[in-house]
Amino acid sequence: MKNCAIVGINWGDEGKGRMVDLLTQEYDVVVRYQGGGNAGHTVINEYGKFALHLLPSGIFREGVVNILGNGVALDLANLWTEIESVTAKGVPITPENLKISDRASLVLPWHIALDELEENRLKDKKYGSTKQGIAPFYSDKYQKKTIQAGELFYPDYLVRHLEDLLEWKNLTLTGVYGAQPYTMEKLCAYLHEYGNKLKPFICDTSDWLRSAQAEGKSILFEAQLGALRDLDYGIYPYTTSSNAVAAYAPVGSGLPSAKLDEVVGVVKAYSTCVGEGPFVCEWFGPEAEKLREAGFEYGAKTGRPRRVGPIDIVATRYGVHTQGATTIALTKLDVLSYMEQIPVCAKYVVNGTETEKFPFPAALADAKPVIEYLEGWGCDISGVRTWEDLPKQAQAYVEYIEQSISCHIGYVSVGPERDAYIKR
Ligand code: GDP
């Protein structure tokens with residue numbers, strides 16, 4: 001039996017969905033263990049092109065059981081919409097191949113309202129939230145002020161719990177933000193509608209996972225976002241509100257005793273970042289526009305243009321350590337084919353001193369990139385499928401990154417399609 005986590009090494013959008021979709025063929029179970037519908041994994045396969053938000057990326061593989069663990073932010077309405085749109089393209093989703101943890105906590109409509117109200121209050125100091133309610137949700141979860149999915153099976157208990165939460169939450173909505181209060185009718189109607197649709201999928205997934213583990217099934221843990229957005233280890237406060245690190249996978253999946261045999265860290269061949277926060281090697285102007293267009297760097301959830309720049313070795317090395325990556329999947333190498341020279345951010349200068357160490361978040365504002373250039377390869381590599389066929393300059397770029405981050409690059413992706421990759 002082998003357990004593996006697939007995680008982002010940088011700011012997210014590294015192409016994790018594409019790697020999970022590829023690697024699920026070797027696994028029996030795929031578990032999402034943190035985050036919510038605030039990011040998107042793009043997957044292209046025989047069914048078409050999908051932007052998955054909450055569904056695990058193993059949903060397309062026959063025989064794979066997909067689990068939404070207790071660590072996720074479970075937005076019932078969004079999940080239902082996603083299930084409808086994926087099944088409409090011919091992908092079967094049933095309680096056999098999708099299981100939702102009864103211990104997953106619910107994103108409630110007021111979390112989404114509060115996210116918007118707070119971002120509006122912050123104006124130009126906003127965090128760049130996707131307004132999916134994720135930060136208000138996680139803060140409520142840790143205050144023990146939201147609902148767990150399993151409560152849907154205990155209607156009387158649920159109503160009493162909701163009444164308490166409503167009284168408390170309306171104090172914030174009306175008192176702090178001057179917004180409209182919620183009513184029990186509205187909340188109950190919401191939970192009735194989506195709860196009834198999703199109840200068949202909700203079960204004790206920990207129990208199920210323990211049995212799967214005992215039977216020797218292999219489990220793939222799928223993360224959302226990347227190390228630099230991790231609540232504890234990322235560029236706080238411009239992080240997400242959950243732990244995106246592999247170490248959280250056992251806890252957030254419902255199998256706290258699980259051991260990770262492998263951690264595949266996904267790194268993009270250049271840098272991208274969505275939303276606010278320090279981004280040391282950011283490009284602006286036509287240079288940025290060209291890279292953004294070449295990589296089609298627009299948010300899968302929001303359509304927002306992503307901030308772009310050369311690969312950041314300092315941040316990537318930090319991400320590799322933080323994730324405990326055992327292998328790297330380098331994605332989107334094909335996108336750099338148009339460049340005559342390939343820029344890399346090899347070091348930072350912080351307060352006049354060169355460093356290879358990723359600084360404390362507050363020091364990032366003063367960090368300047370030290371850029372080095374490698375030779376470009378000047379041809380389309382999207383059809384290449386073996387290491388030997390990759391141009392020497394592209395090989396040199398991959399090897400440069402590998403040496404700089406001290407981690408083996410086991411996969412090089414050269415296109416979004418399932419088979420567009422090189423295994424090393
Ligand atoms: P995720 O959230 O980490 O799964 O990443 P996203 O799905 O947001 O972003 C990755 C994007 O790059 C998607 O549109 C993928 O289809 C695309 N993609 C992934 N790997 C490659 C690759 O090697 N080459 C190209 N050109 N596109 C890729």
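**Notes on the ligand site and the fold**

1. Among the secondary-structure elements, α1 gives the most to the shell around the ligand, contributing three residues. Bear in mind throughout that this is a predicted model.

2. Two elements give two or more residues to that shell: α1, spanning 16-23, and β3, spanning 41-45. The ligand has 17 residues around it, and the ones that come nearest are Lys-16, Gly-17, Thr-42, Asp-334 and Ser-413.

3. What is the make-up of the shell, in terms of nonpolar, polar and charged residues? Seven are charged, seven are polar and three are nonpolar.

4. An oxygen atom of the ligand lies 2.8 Å from a polar backbone atom of Gly-17. Glu-14 also uses its backbone here, with an N or O atom 3.1 Å from a ligand oxygen. With Asp-334 it is the side chain that takes part: one of its N or O atoms is 2.8 Å from a nitrogen atom of the ligand.

5. How much of the ligand's accessible area does the protein cover? On its own the ligand has 580 Å² of accessible area, and the protein covers 92% of that. As for where the ligand sits, that is the second largest pocket.

6. On to the sheet. Ten strands make up an open sheet with mixed pairing, and their order is β9-β7-β5-β2-β10-β1-β11-β15-β19-β20. The edges are β9 (202-203) and β20 (421-423), each of which pairs on one side only. As a reminder, strands of a sheet pair through backbone hydrogen bonds, either parallel or antiparallel.

7. Strand β11 (residues 262-268) and strand β15 (residues 327-331) run parallel and are joined by five bridges. If you want a place to begin, take Val-267: its bridge partner in β15 is Leu-330.

8. Two bits of backbone geometry deserve a look. Most residues other than glycine have a negative phi, and most peptide bonds are trans. Against that background, the peptide bond between Tyr-236 and Pro-237 is cis, with omega at about 5°. You'll find Pro-237 in the loop between β10 (219-226) and α8 (249-253).

9. The other one is Lys-144. Although Lys-144 is not a glycine, its phi is positive, at about 60°. Where is Lys-144 found? This lysine is in the loop that runs between α4 (134-142) and α5 (155-176).

Note on methods: Residues are numbered from 1 along each chain as its sequence is written. This is a predicted model: local features need pLDDT of at least 70, side-chain atom pairs count only at pLDDT 80 or more; totals for chains, interfaces and linings use all residues. Side-chain values use heavy atoms; hydrogens and water are left out. A residue is near a molecule or strand if one of its heavy atoms lies within 4 Å of it. A polar contact is a pair of N or O atoms within 3.5 Å; within protein, one must be able to donate a hydrogen and the other to accept it, and residues adjacent in sequence count only if both atoms are side-chain atoms. Accessible areas come from the Shrake-Rupley method with a 1.4 Å probe; for residues, only the protein chains shown count as cover. On a 1 Å grid over the protein atoms alone, a cavity is a set of points where a 1.4 Å probe fits but cannot get out, and a pocket is an open set with protein on both sides within 12 Å along at least five of seven lines; lining residues have an atom within 4 Å of a point. A molecule sits in a cavity or pocket if more than half of its atoms lie within 2 Å of its grid points. Helices (H or I, at least four residues) and strands (E, at least two) are DSSP runs, numbered from the N terminus. Ala, Val, Leu, Ile, Met, Phe, Trp, Tyr, Cys and Pro count as nonpolar, Asp, Glu, Lys and Arg as charged, and the others, Gly among them, as polar. Two strands pair if DSSP finds at least two bridges between them.
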